[in-house]
Amino acid sequence: MIGIVQAVSRFAITVFIIFISAIGFYRKVPVYEAFIEGAKEGLTTVVRILPYLTAMLTAIGVFRSSGAMELLIQLVSPLTELAGIPAELLPLAFMRPLSGSASIGILAEMLRTYGADSFIGRTASTMMGSTETTLYTAGIYLGSVGIKDTRYILAAGLFADFMGFAASVVVCSILFGS
Amino acid sequence: MINIIWLVLLAGGFIVAFFTGQTEQTTQAAFDSAKYAVELGLNLTGIYCLWLGLMRVAEKAGLIRVFSRKIAPLLRLLFPDLPSGSPAVGAMSMNIIANILGLGNAATPLGLKAMGELQKLNPDKRSPSDAMCLFLVINTASLQIIPTTVIALRSAAGSADPSEIVSSTLAATLCSLLSGVTAALILKRFYRRREGRI
């Protein structure tokens with residue numbers, strides 16, 4: 001079972017790339033020109049997120065290096081251990097619903113500190129990919145039609161985020177072992 | 001909110017550093033981190049270019065339109081209140097497919113179009129309809145086959161197998177999506193009753 005799951009991870013990208021190239025060829029898309037056009041967007045994307053990356057990496061770097069992060073983790077870990085969640089993951093869990101770019105910065109710092117292939121690194125990666133910036137997206141979409149009332153959107157959305165985070169810890173413990 | 005968090009991290013860090021006697025290392029960490037941010041940005045650029053290039057090919061091949069037809073019947077089940085043949089269903093399915101494929105830039109305008117169509121059908125223009133609430137909850141669950149940003153970050157951090165989190169992410173996303181939809185469907189009844197009484 002776990003072997004199949006890992007094979008899916010390994011081949012998903014390969015299959016996806018072959019599939020896109022094949023369908024692009026079949027539909028007579030000028031693939032090279034289209035690729036270049038899209039790749040230009042890669043540059044602007046990086047330029048766009050770089051200020052956020054710098055701001056967040058610096059703030060978290062200071063917070064960790066001063067010993068404040070260690071203090072906070074020790075403070076809340078009795079609580080989070082009850083739920084089986086490593087306290088190290090909390091900064092990402094708090095930032096994820098608020099800001100996509102800022103949580104990219106936090107994840108990058110965690111991968112650098114704990115290692116991308118550590119349990120924390122893998123679980124944080126899964127958490128990052130499993131939910132969206134709920135508050136930001138809801139704000140933009142409702143704002144576009146001039147609605148301020150959110151009714152039960154935030155309750156349902158944040159509940160979904162929480163379940164996604166909990167599932168990330170469980171799934172990663174099963175798949176990668178803690 | 002984010003202003004406060006950032007300030008607490010930065011100022012709080014320096015205050016703690018003062019008490020733990022780590023002021024020098026902490027200042028050094030600030031400069032190191034800022035430098036690392038730019039290195040990271042450079043590492044990410046290539047992967048972003050590759051992926052967004054491929055995605056543009058997918059977009060031009062009309063992949064969104066092809067797949068959105070397949071999930072429209074499923075959406076009618078989730079949104080029984082919408083009149084059949086409403087352009088809202090088409091826009092919503094295109095938005096969801098664009099998200100699944102990771103075409104973030106294409107997804108947002110489609111999602112805004114879906115919101116516009118849903119607003120036309122909304123009796124109370126100042127409050128989101130149940131269809132809007134459910135659509136937003138589905139939208140924020142981040143269904144995506146390949147979490148490209150995360151893979152890029154892992155690769156930049158020197159992971160031996162950056163894409164190994166694809167299946168775990170998919171499982172966690174599905175759990176988050178199902179929880180969100182269930183919560184929205186339950187809260188819908190609750191809110192209808194409450195708002196009906198007032």
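The expected span of a helix is 1.5 Å times one less than its number of residues. Keep that rule at hand for the first stop on this tour of a predicted model.

**Stop 1: the first helix of chain B**

Select residues 2-20 of chain B, which form helix H1. How far apart should the ends of this helix be? With 19 residues, H1(B) should span 27 Å, and the 26 Å between its end C-alpha atoms agrees with that.

Now show the side chains of B:Leu9, B:Gly13, B:Val16 and B:Ala17, which are buried in H1(B). An α-helix has 3.6 residues a turn, so residues three or four places apart point the same way. What do the buried residues of H1(B) pack against? Their partners are H2 and H3 of chain A, along with helix H2 (23-60) of chain B.

Step on to B:Gly21, which follows H1(B) and has a positive phi, near 70°.

**Stop 2: where the chains meet**

Colour the two chains separately. Here 85 residues of chain A are in contact with 84 residues of chain B. On the chain A side, several helices supply at least two residues each, among them H1 (2-26), H2 (31-65) and H8 (153-176). By type, the chain A side divides into 50 nonpolar, 24 polar and 11 charged residues.

**Stop 3: A:Leu142**

Centre the view on A:Leu142, in helix H7 of chain A. Is A:Leu142 buried or exposed? It counts as buried because it has 21 C-beta neighbours inside 10 Å, and the cut-off for buried is 20 or more. Leaving aside residues up to four places away in sequence, A:Leu142 touches A:Ile147, A:Thr150 and, from the other chain, B:Pro128. For a distance label, pick A:Tyr152: A:Leu142 lies 10 residues from it in sequence and 13 Å from it in space, C-alpha to C-alpha.

**Stop 4: the nonpolar core**

The largest nonpolar core has 110 residues. Those with the most contacts inside it are A:Leu92, A:Leu107, B:Ala98, B:Phe135, B:Val137 and B:Leu153. Zoom in on A:Leu92: beyond four places in sequence, its contacts include A:Leu107, A:Met110, A:Ala124 and A:Met127. In soluble globular proteins, nonpolar side chains tend to be buried together.

**Last stop: confidence**

Finally, colour chain B by pLDDT. The mean is 89, and 99% of the residues of chain B reach 70 or more. Within chain B, confidence is lowest in helix H3 (residues 63-78), with a mean of 86, and highest in helix H6 (residues 130-139), at 94. The model scores ipTM 0.89 and pTM 0.89.

How values were computed
Residues are numbered from 1 along each chain as its sequence is written. Chains are lettered from A and ligands numbered from 1 in the order in which they are written. This is a predicted model: local features need pLDDT of at least 70, side-chain atom pairs count only at pLDDT 80 or more; totals for chains, interfaces and linings use all residues. pLDDT is the predictor's confidence in each residue, from 0 to 100. Helices (H or I, at least four residues) and strands (E, at least two) are DSSP runs, numbered from the N terminus. Two residues are in contact if their C-beta atoms, placed from the backbone, lie within 7 Å. Ala, Val, Leu, Ile, Met, Phe, Trp, Tyr, Cys and Pro count as nonpolar, Asp, Glu, Lys and Arg as charged, and the others, Gly among them, as polar. A residue is buried if 20 or more other C-beta atoms lie within 10 Å of its own, exposed if 12 or fewer, and partly exposed in between; C-beta atoms are placed from the backbone. A nonpolar core is a set of buried Ala, Val, Leu, Ile, Met, Phe, Trp, Tyr and Cys residues joined through C-beta atoms within 7 Å.
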